[in-house]
Amino acid sequence: MAATHPHIAARGYGSNATYIYEYSRGLGGVDVPRDVIITRIIYISLCVVAFVLFCGRVGQISHAYLRRITANGATHRQQNFWAQERSSWWSNIKKHILYAPLGRKRHNRELQLSSAVNVGTLPSRLQTILVILYFVSQVTYCVLLDYSVNNKAALVAELRGRSGTLAVLNMIPLFILAGRNNPLIPILHISFDTYNLLHRWLGRIVVLESVVHTIAWAVNAVDEEDFTHMLARLRETPFFAWGLVGTVSMMFLCLHSPSPIRHAFYETFLHLHQLAAILAFLGVYVHLKIDDLPQQSWARAIASIWIGDRLARLFRLLHLNVSTSGTTTMVVQALPGEACRVTFHLPKLVEIEPGYHVFAYIPSISLWMSHPFSIAWAEPSTSNTAAPLPSSSRSSTQGKYTDLEKQSNLPTKPAKPTTQVSLIIGAQKGMTRRLYNLANASPSKSLTLAGFIEGPYGSTPTDPSSYGTTILFSAGAGITHHLLYTRNLVMQSAQNTAATRKVYLIWSVRSTDHLAWVSSYMDQILRLPHRRDILVVKLFVSKPRRAADIVSPSATVLMHSGRCRPDVVLDEILPGRTGATLVSVCGPGAFADEVRSAARERIGKGAVVDFVEEAFTW
């Protein structure tokens with residue numbers, strides 16, 4: 001092929017001479033110095049945002065620590081200083097930005113097209129601001145071209161280089177935010193749910209930039225020859241072919257990721273998403289490698305991030321489930337109300353923090369797939385193994401006592417510290433439904449399966465023990481997020497190691513059958529020392545079978561018929577609060593939005609009210 005076109009130049013690659021089109025391959029028209037400046041601006045901007053968030057978290061943690069150490073053992077009157085708002089501007093920030101939904105109330109309530117199809121949830125006001133600012137900045141960088149160049153091909157080539165550079169650059173935070181071992185979670189104390197939302201929007205930005213990059217190349221390629229020759233380059237030239245693989249894979253990632261598809265075919269979605277992500281990365285990496293482009297170092301960083309997260313996940317899995325004394329065993333018990341209690345008996349002693357979650361692997365149900373669940377309960381246990389007893393044919397009382405005396409002198413193996421981690425899994429679709437059906441079909445409603453957990457994962461955005469009053473709203477299986485918090489707060493308050501003086505556990509369920517899900521755990525909590533002085537439990541049953549089922553066992557464990565109204569509950573509790581108040585919620589999106597709205601309405605009216613929501617919008 002002769003280089004007869006005015007925009008064609010010759011360049012050697014390896015042993016073969018390849019003719020490079022000036023504006024569709026190579027750096028002709030690409031403003032490399034400006035690309036470098038823009039990438040540095042993006043790096044610095046992200047670091048500044050992270051640093052501001054880090055400083056904010058340090059200030060919040062320091063404030064909570066000071067409140068806790070000064071309020072430990074303090075009376076109701078002595079905590080009045082922390083109960084009153086001291087700054088109207090901070091209250092307005094919390095009410096109108098930090099805790100605010102995008103509109104009036106809806107945030108985690110799903111947008112339903114029908115009873116079977118939903119299109120996801122709305123981001124919060126702060127999340128929307130961050131996404132819009134970043135999206136606008138990316139558009140600005142892409143259109144910030146040298147329009148003084150009176151050459152269409154050169155201008156399109158500059159857009160090609162800019163959009164391609166930004167796409168690869170943005171893949172670095174894209175892969176960081178997708179990892180379960182995202183280092184920003186413990187550093188900034190921001191939930192995985194928020195990072196997952198940012199991951200989805202950042203992925204859309206990367207796809208758009210990749211498509212713009214490909215279209216800009218195609219425009220110049222067609223102008224240089226024609227459409228047929230442009231397609232021939234895609235088929236015959238590896239550099240262009242691998243670039244097309246990357247772009248097509250990214251487009252597939254975007255097209256199959258909307259909420260209706262993601263939730264309707266969750267396990268299929270995960271398989272296809274991971275496969276397409278690998279193909280997209282390989283396409284980009286080989287594309288960069290063939291022409292020895294400077295963005296290769298970014299591609300290697302992306303590979304290191306992905307491999308590092310996978311190795312960390314493997315380490316967590318082995319650390320929790322394998323020891324010299326054995327491996328994890330799993331017991332599944334079918335419960336009323338179409339749910340399962342799944343208890344993992346870990347072979348070692350592990351400390352589990354409240355509010356954390358794990359990923360459960362059940363090979364017989366879902367092969368190598370893992371699913372996230374809140375930890376409902378965790379406690380240490382021991383297993384003693386005694387030496388075999390000698391046989392004896394004596395039947396006299398004296399002989400029995402002699403045998404018992406001999407048994408007491410026999411050597412025993414030391415107790416092995418182990419940990420029981422329990423999950424409550426409601427039967428929805430897919431894996432959870434198959435697991436429930438299998439356990440429910442068992443004659444004993446219980447079975448033992450091979451199973452493992454990975455984790456624990458999570459981060460506590462604020463210290464609940466620094467608040468004088470804690471109000472924990474739960475609905476349905478959301479109670480699992482608050483059980484360990486309740487146990488720890490009651491124990492710490494009784495020992496005067498926390499500022500907490502009152503804990504209100506509010507649980508809304510459809511049927512009294514759901515109370516059996518956590519009855520054994522609640523029994524342990526209700527037996528804790530000084531529990532009556534600290535804990536008040538309010539149970540709301542929206543659809544009781546009989547009025548006789550709604551009976552309050554005591555003045556501190558109250559049952560109500562009907563839906564829980566968070567505004568009414570808060571109006572009953574806040575006037576008698578002690579110190580600062582924390583309102584936490586975990587449950588279906590509509591219920592969480594009601595609690596958020598009720599809490600926000602009471603911010604700025606004199607009481608210090610902070611709000612925390614645990615959501616799993618995967």
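Student: At what angle do helix H4 and helix H5 pack, and how far apart are their axes?

Tutor: In this predicted model, helix H4 (residues 125-143) and helix H5 (residues 152-178) pack at an angle of about 150°. Their axes are 9 Å apart.

Student: Why those two values?

Tutor: The angle between the axes and the distance between the axes are how two packed helices are described.

Student: Which residues meet there?

Tutor: From H4 come Tyr134, Gln138, Tyr141 and Cys142. They meet Leu159, Arg162, Ser163, Leu166 and Asn170 in H5.

Student: How many of the residues in that contact are nonpolar, polar or charged?

Tutor: The contact of H4 with H5 has five nonpolar residues, three polar residues and one charged residue.

Student: New topic: where is Asp309?

Tutor: Asp309 is in helix H12, which covers residues 296-321.

Student: Which side chain of opposite charge is nearest to Asp309?

Tutor: That is Arg313, at 4.3 Å. Asp309 is buried, yet it has no salt bridge.

Student: What lies 3.2 Å from a polar atom of its side chain, then?

Tutor: The backbone nitrogen of Arg180 lies 3.2 Å from a polar atom of the Asp309 side chain. Not counting residues up to four places away in sequence, Asp309 touches Gly179, Arg180 and Asn181.

Student: And Arg600, is that buried or exposed?

Tutor: Arg600, in helix H20 (residues 589-601), is buried and has no salt bridge. The nearest side chain of opposite charge is that of Glu601, 7.3 Å away.

Student: Which backbone oxygen does the side chain of Arg600 reach?

Tutor: The side chain of Arg600 reaches the backbone oxygen of Lys95 at 2.7 Å. Leaving aside neighbours within four places in sequence, Arg600 is in contact with several residues, including Lys95, His96, Tyr99 and Arg104.

Student: What about Leu288: why does it count as buried?

Tutor: Leu288 counts as buried because its relative accessibility is 5%, and the cut-off for buried is under 20%. Leu288 lies in helix H11 (residues 266-290).

Student: How far is Leu288 from Val168, in sequence and in space?

Tutor: Leu288 and Val168 are 120 residues apart in sequence and 9.9 Å apart in space, C-alpha to C-alpha. Val168 is among the residues that Leu288 touches, along with Leu293, Gln295, Gln296 and Ala299, again not counting residues up to four places away in sequence.

Student: Which residues does a cis peptide bond join?

Tutor: A cis peptide bond joins Gly455 and Pro456, with omega about -10°. Pro456 is in strand E12 (residues 452-457). Most peptide bonds are trans, and most residues other than glycine have a negative phi.

Student: What is the phi of Leu367?

Tutor: Phi of Leu367 is near 55°, a positive value in a residue other than glycine. Leu367 is found in the loop between helix H13 (363-366) and strand E8 (370-374). With a relative accessible area of 54%, Leu367 is exposed.

Student: And what is the phi of Lys445?

Tutor: Phi of Lys445 is near 60°, a positive value too. Lys445 is in the loop between helix H15 (431-441) and strand E11 (446-449), and is partly exposed at 38% relative accessibility.

Student: Lastly, how many helices and strands does the protein have?

Tutor: The protein has 20 helices and 18 strands, and buried residues make up 47% of its 618 residues.

How values were computed
Residues numbered from 1 in each chain as written. Predicted model: local features only at pLDDT ≥ 70, side-chain atom pairs only at ≥ 80, totals over all residues. Heavy atoms only, no water. Helix = DSSP H or I, 4+ residues; strand = E, 2+ residues; numbered from the N terminus. Buried < 20%, exposed > 50% of the residue type's maximum accessible area, 1.4 Å probe, protein only. Lys, Arg positive; Asp, Glu negative; His and termini not counted. Salt bridge = Lys/Arg side-chain N within 4 Å of Asp/Glu carboxyl O. Polar contact = N/O pair within 3.5 Å; in protein donor to acceptor, adjacent residues only side chain to side chain. Contact = heavy atoms within 4.5 Å. Axes fitted to C-alpha atoms, helices over the stretch in contact; angles between N-to-C directions. Nonpolar A, V, L, I, M, F, W, Y, C, P; charged D, E, K, R; others polar.
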